[in-house]
Amino acid sequence: IQIIKTKTGSGDPKVRLTALRVLASIGGPDDASAFLAVVNDRPGDDELAIALTTLERMRGDQVDKQVLDALRNAEKAETRVALIRLLNRRHASQATSELLRQAGDSEPSVSIAAFQALRSLAGADELPKLIALTKSSSRESTRDAAVSAVLGACRSSENTERAGANVLNELKTANTSTEKDSWIRVLTSLGYAPALPTITAVLHDADAKLAQRTISHLSRWPGPAPMDILFPVLEETSNPSLRRQALMGILQLATTAADRGTATEAQLMTWLRRASKAVVSVHEKRSLISSLGRVKHIESVRLSASYLNDPDVKIEAVYAILSAAEPLAKSPDHQAVAAVLEKISGVKDKRLRDRIARLQRDIKATANKRTP
């Protein structure tokens, strides 16, 4: 093995590559230094790939320590990025202190790589430092990575409520739109309910772009809680851009709630009927119809049918009707479903006609069972 390790430093690229392949197959954690030397020297792509892959699968805290030492001593940005990513793939939790130091580096590629690693490795102990680094990040790309790391640390924290409270406090004391946007992004992704009143106030901020971004963040809330915030924006705000943003947010929340089962079908239909009054563009209609197809309710079938005369979304309406109607064909609403199916029975697509025919057979069987 020592002879092979020596050959990994050969001046002949073919010899180096062959030696690395052999060492990767028969070596062990004690040979990590040889592979780290390859990473530091930045040879050809094939050699570098072998070194990194081998180091990733090596087991033991001692290997983590060697990679960490190599990172501390590395000078080239591309080498540090490779080692940071390696530590992340190795799930080296002991590296968080050094990663925080690297996250504050002036080289964006290094800083971003460190934040990306901290997103999965950091926890509650690293949260205060991550918040401070986020506030000091001047580049948009670096700040985005920092915010993602804060979110990861909050999720990894054993006390997510406390973590959310810390971020909410930052939002309450933030002075710039950029800072407010960062903390709102974290809080909405967490679904931290105590933050909703403060976030709602931001919708009336003098910065219209911040209000729009806030609505966009709210639309990714893990549950339907922001519905009560977004409907007043949709129905009462004079700004057309905010109204459109609120409408799309409502439809996205409804879709998420339908997919995750976090709202009843009756609740979903209440939201979708209310939202349908504001739908104008083809994109908005398609989003509404897509949500309707997920709600197995007779009102969903009827509301989808109201778009059958609209050539821009007729086919989407047909699909939504069939999706919503399938479980209703054997329900007390089967006759109402039958009436809607008659309206779409003339579609040209054979697959759709076959689905319609199957539903009609189910409806007929249901009707026969219910006949005295």
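Contact here means heavy atoms within 4.5 Å. The model described is a predicted one.

The protein chain holds 22 helices and zero strands. Its radius of gyration is 28 Å, well over the 21 Å that the globule rule gives for 372 residues, so the chain is more spread out than a compact globule. Along the principal axes, the C-alpha atoms fill a box of roughly 90 × 50 × 35 Å. Of the 372 residues, 48% count as buried. The chain exposes about 18,600 Å², and carbon and sulfur atoms supply 47% of that area. Among contacts with a separation of 6 or more, 62% join residues 24 or more positions apart.

Residues up to four places away in sequence are set aside here; E170 then touches I131, K135 and W183.

I1 lies in the segment before α1, a helix of residues 2–7. With a relative accessible area of 49%, I1 is partly exposed. Together with V22 and I26, I1 makes a nonpolar surface patch of about 250 Å². A24 is found in helix α2, residues 13–26. Neighbours within four places in sequence aside, A24 is in contact with F35, I50, T54 and R57. A117 is 93 residues from A24 along the chain, and the C-alpha atoms of the two are separated by 25 Å.

A loop residue comes next. H91 lies in the loop between α6 (77–89) and α7 (96–103). Most residues other than glycine have a negative phi. H91 is not a glycine, yet its phi is positive, at about 55°. The relative accessibility of H91 is 60%, so this residue counts as exposed.

Helix α19 covers residues 298–305 and is mostly covered itself. Six of its eight residues are buried. These are I298, S300, V301, L303, S304 and A305. The buried residues pack against four helices: α17 (265–276), α18 (282–292), α20 (314–325) and α21 (334–344).

L352 belongs to helix α22, which runs over residues 350–370. Its relative accessible area is 2%, and L352 is therefore buried. With neighbours within four places in sequence left out, the contacts of L352 are I315, V318, Y319, L322 and V347. One of these partners, I315, is 37 residues from L352 in sequence. In space, the two C-alpha atoms are 10.0 Å apart.

In brief, the predicted model is a chain of 22 helices without strands. Its overall form is more spread out than a compact globule. H91, in the loop between α6 and α7, is exposed.

How values were computed
Residues numbered from 1 in each chain as written. Predicted model: local features only at pLDDT ≥ 70, side-chain atom pairs only at ≥ 80, totals over all residues. Heavy atoms only, no water. Patch = residues over 30% accessible without salt bridge, like charges linked within 9 Å, V, L, I, M, F, W, Y side chains within 5 Å. Areas by Shrake-Rupley, 256 points an atom, 1.4 Å probe, with all protein chains shown as cover. Salt bridge = Lys/Arg side-chain N within 4 Å of Asp/Glu carboxyl O. Helix = DSSP H or I, 4+ residues; strand = E, 2+ residues; numbered from the N terminus. Buried < 20%, exposed > 50% of the residue type's maximum accessible area, 1.4 Å probe, protein only. Rg over C-alpha atoms; globule rule 2.2 N^0.38 Å.
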